[in-house]
Amino acid sequence: MSKSRRHFVMRVLAGLAAVALAGCDAITNSSWGPKILRNGERANRGAQRSLTAKSALAQEFSEADLSPDFRSNGTSNPSDDDYQRLAKDQFRDWTLKVEGLVRTPTQVSLAQLRTMKARTQITRHDCVEGWSAIGKWTGAQLSEVLALAQPQPTARYVVFHCADAMDNDGNRYYESIDLDEAHHPQTILAYELNGEALPIKNGAPIRVRIERQLGYKMAKYIMRIELVADLKGIGGGNGGYWEDQGYEWYAGI
Amino acid sequence: MPIDSDKDSQPTRRYQYLRHSWPVRLMHWINLLALTVLLLSGLQIFNAHPALYWGKSSYSGRPPILQMYGIQTSNGETAGTTEIFGRRFRTTGLFGVSKDASGTLVERGFPSWLTIPSNQYLAMGRRWHFFFAWLFVVNGFLYVTYSIASRHLSHDLAPTRLEWRCIGRSILDHLRFKHPRGEASKHYNVLQKVTYLTVIFGLLPFLILMGLAMSPRMDSLFPGWIDLVGGRQSARTLHFAAAMLLVLFVLIHVFEVIITGLWNNVRSMITGRYEVEDT
């Protein structure tokens, strides 16, 4: 091939590549593209649930694996006045409300939570961004807390309502899991990290640990737990703050 | 390549034969599409945390083995920096800091023309990645099934004992850019066979496995299986490294396609017809 012809071919190929990439952006920004592409992540959920047991445990580690500092991501100190007032008293006045589709709406204080059956686990926290950190978490099993409130048979999801505001419109962080995940032995409402009271940057007074999913599922600064039959009526209707921004509700990969 | 027919008194006989069956052709191009989207959406996902580590976690007290970031220079400019094993390289415009769609320099791992979507959008990058991951896996499964059933694997890809013995010669020939002609060009040469088999049954399954090793749910399949490769962050690094090896394979593959007759090779992967010059 002559030099000029080679240059011409290269320019045509570069042009085609640019058009193809612009096409990908157009699909991303279309109303239908993301809906079709989402089926990949739906298939992840189906495949992963059929390949692994419902109660299979996430890997646990030893003290030697602990990250020297467990990094904070997202909100590191909710600016909300009510939250700051609670924090000032080490959350003595904080109560966790468990309501929605339950027989007995319940309120649990931090002191009560600490008397409940506790579980300590050294686990790896995997962020959707790609990093991992290892921490030792102690908390009450969520299943025990739910048992106090007695979910109704119509309840299908557990929604965590948090204190941290995500924008100026008053939208706060929230997340949700199904009842299988809620009853998993490693799903705990953690009030301790590495043997000390959970720091504010990591979600004080409690953050939920959902060890077989990504970090954004593990809501921090939890104020209220709501049992629902359907996620549509909450927030943007996709089951969580990040889900409303396009992230998948099932975060197993 | 044009043949120097002046030296030959005998006229060359040219004929075409069906080199690639239609399923192989179709699956080849689906594979190209899937792997291209997987690479570019993968770089989008990498950009959400442009650093690679070795071990179980990212925060073990040890620094990353690779990272890309921007730094403020003394004259107030942002400079792209790539750090590999503690060694720093200035990579402004390409890695660490590059121009966005509007032409302003922004801090990002890989540049916008190497990511899908082009802007920083992790949620959509993941949608693209997983959708095409499934396309790639289904296509790959069908390819392997077809290759076994149609004997494409045993006839065309498995090296013969004689070929194994002559592999040294084949390596030398490749280094001298000397390629089989005539009848000998009608089947894959031994180096080509070994490379294809290594990619199909080694590199690509490894790439998928390292992707699954990053999944906290797949982690629970057999407790501790990810430690076999050094932990989740090692798996992420290996997933990236395997993708780069695949890019290297594609570069060499395309180079070989060009120097052994670009149009003849491309046509044989579109219409199936390959022209042989019989001297």
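1. Two residues are taken to be in contact if their C-beta atoms, placed from the backbone, lie within 7 Å. On that basis the contact between the chains draws on 43 residues from chain A and 37 residues from chain B. This is a predicted model, in which local features need pLDDT of at least 70 and side-chain atom pairs count only at pLDDT 80 or more, while totals for chains, interfaces and linings use all residues. Residues are numbered from 1 along each chain as its sequence is written, and chains are lettered from A and ligands numbered from 1 in the order in which they are written.

2. On the side of chain A that touches chain B, two or more residues come from each of α1 (3-29), α2 (33-37), α3, β3 (118-126) and β4 (132-141) of chain A, where helices (H or I, at least four residues) and strands (E, at least two) are DSSP runs numbered from the N terminus. The element that gives the most to this side is α3(A), with seven residues. By class, the side of chain A that touches chain B holds 18 nonpolar, 14 polar and 11 charged residues; here Ala, Val, Leu, Ile, Met, Phe, Trp, Tyr, Cys and Pro count as nonpolar, Asp, Glu, Lys and Arg as charged, and the others, Gly among them, as polar.

3. Helix α3 (residues 39-51) of chain A packs on helix α2 (residues 122-149) of chain B at an angle of about 65°, with the axes 7 Å apart; axes are lines fitted to C-alpha atoms, for helices over the stretch in contact, and angles run from 0 to 180 degrees between N-to-C directions. The two helices α3(A) and α2(B) are therefore roughly perpendicular, a term that covers 65 to 115 degrees. Asn39(A), Gly40(A), Glu41(A), Ala43(A) and Asn44(A) in α3(A) meet residues of α2(B) that include Arg126(B), Phe130(B) and Trp134(B). The residues of this contact of α3(A) with α2(B) comprise five nonpolar, three polar and three charged.

4. Within chain B, strand β6 (residues 96-99) and strand β7 (residues 105-108) pair in the antiparallel sense over four bridges, pairing being assigned if DSSP finds at least two bridges between two strands. Lys99(B) has Leu105(B) in β7(B) as its bridge partner. Five residues lie between the strands of this hairpin of β6(B) and β7(B), in which Gly103(B) takes a positive phi near 90°.

Methods:
Angles under 35 degrees count as roughly parallel, over 145 as roughly antiparallel, 65 to 115 as roughly perpendicular and the rest as oblique.
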